[in-house]
Amino acid sequence: QLQLVESGGDLVRTGGSLKLSCAASASGFVLDRYDIGWFRRAPGKGREPIACINHNSNTTTRSADSVKGRVTISRDSAGITVYLHMGSVKPEDTAEYYCAAVTSIGGCSLYAEAWDYWGQGTRVTVSS
């Protein structure tokens, strides 16, 4: 069973940027046949979609209106790691960030119920 690991969470200043990584926990396992999504959960709030990328794409496929224009998703050339880049961060971006995967079925979704595999999360804190 696919297990995902996120990394890159950190303390970031308002207006700065962050880069999170998502990879399989098994060494060398590639994610290029999976759609990958990013979600987050802020303290005291529900899970919120951020963006997703199709298995056959190297750029963001869909992004949520709340972060549109500030996020991009990319894959490394080896297909091992998927990145979430977020710019102009705000204190309200403080959250636990999760990546998710699903065997591609024709287009990634921003609905959490569509995803089969989830990582444990990485924490991002944005200071004001």
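A charge is said to sit over a ring if NZ of Lys or CZ of Arg is within 6 Å of the ring centre and within 35 degrees of the ring normal. By that rule, the charged end of Lys-19 sits over the ring of Tyr-83, 4.4 Å from its centre, and the charged end of Arg-47 sits over the ring of Trp-118 at 4.5 Å from its centre. The model is predicted, so local features need pLDDT of at least 70 and side-chain atom pairs count only at pLDDT 80 or more, while totals for chains, interfaces and linings use all residues. Residues are numbered from 1 along each chain as its sequence is written, and side-chain values use heavy atoms, with hydrogens and water left out.

Rings of Phe, Tyr and Trp (its six-membered ring) pair if their centres lie within 6.5 Å, with planes under 30 degrees apart counted as stacked, over 60 as edge-to-face and the rest as tilted. A search of the whole structure finds 4 aromatic pairs. One of them is the edge-to-face pair of Phe-39 and Trp-115, 6.1 Å centre to centre with 75° between the planes. This pair links distant parts of the chain, 76 residues apart, with Phe-39 in strand S4 (residues 34–41) and Trp-115 in the loop between strand S9 (95–103) and strand S10 (117–118); strands (E, at least two residues) are DSSP runs, numbered from the N terminus. Phe-39 also forms a tilted pair with Trp-118, 5.0 Å centre to centre and 55° between the planes. Because Phe-39 lies in strand S4 and Trp-118 in strand S10, this pair ties together parts that are 79 residues apart in sequence.

Buried means under 20% relative accessible area, exposed over 50%, and partly exposed in between (1.4 Å probe, protein chains only). Phe-39 is buried at 1% relative accessibility and Trp-115 is buried at 5%, whereas Trp-118, at 24%, counts as partly exposed.

A disulfide is a pair of cysteine sulfur atoms within 2.5 Å, and a search of the whole structure finds 2 of them. In one, the sulfur atoms of Cys-22 and Cys-99 are 2.1 Å apart. Cys-22 lies in strand S3 (residues 18–24) and Cys-99 in strand S9, so the bond ties together parts that are 77 residues apart in sequence. Cys-22 is buried at 0% relative accessibility, and Cys-99 is buried at 0%. Another disulfide joins Cys-52 to Cys-108, and its torsion about the S-S bond is about 70°, so it is right-handed.

Notes
Helix = DSSP H or I, 4+ residues; strand = E, 2+ residues; numbered from the N terminus.
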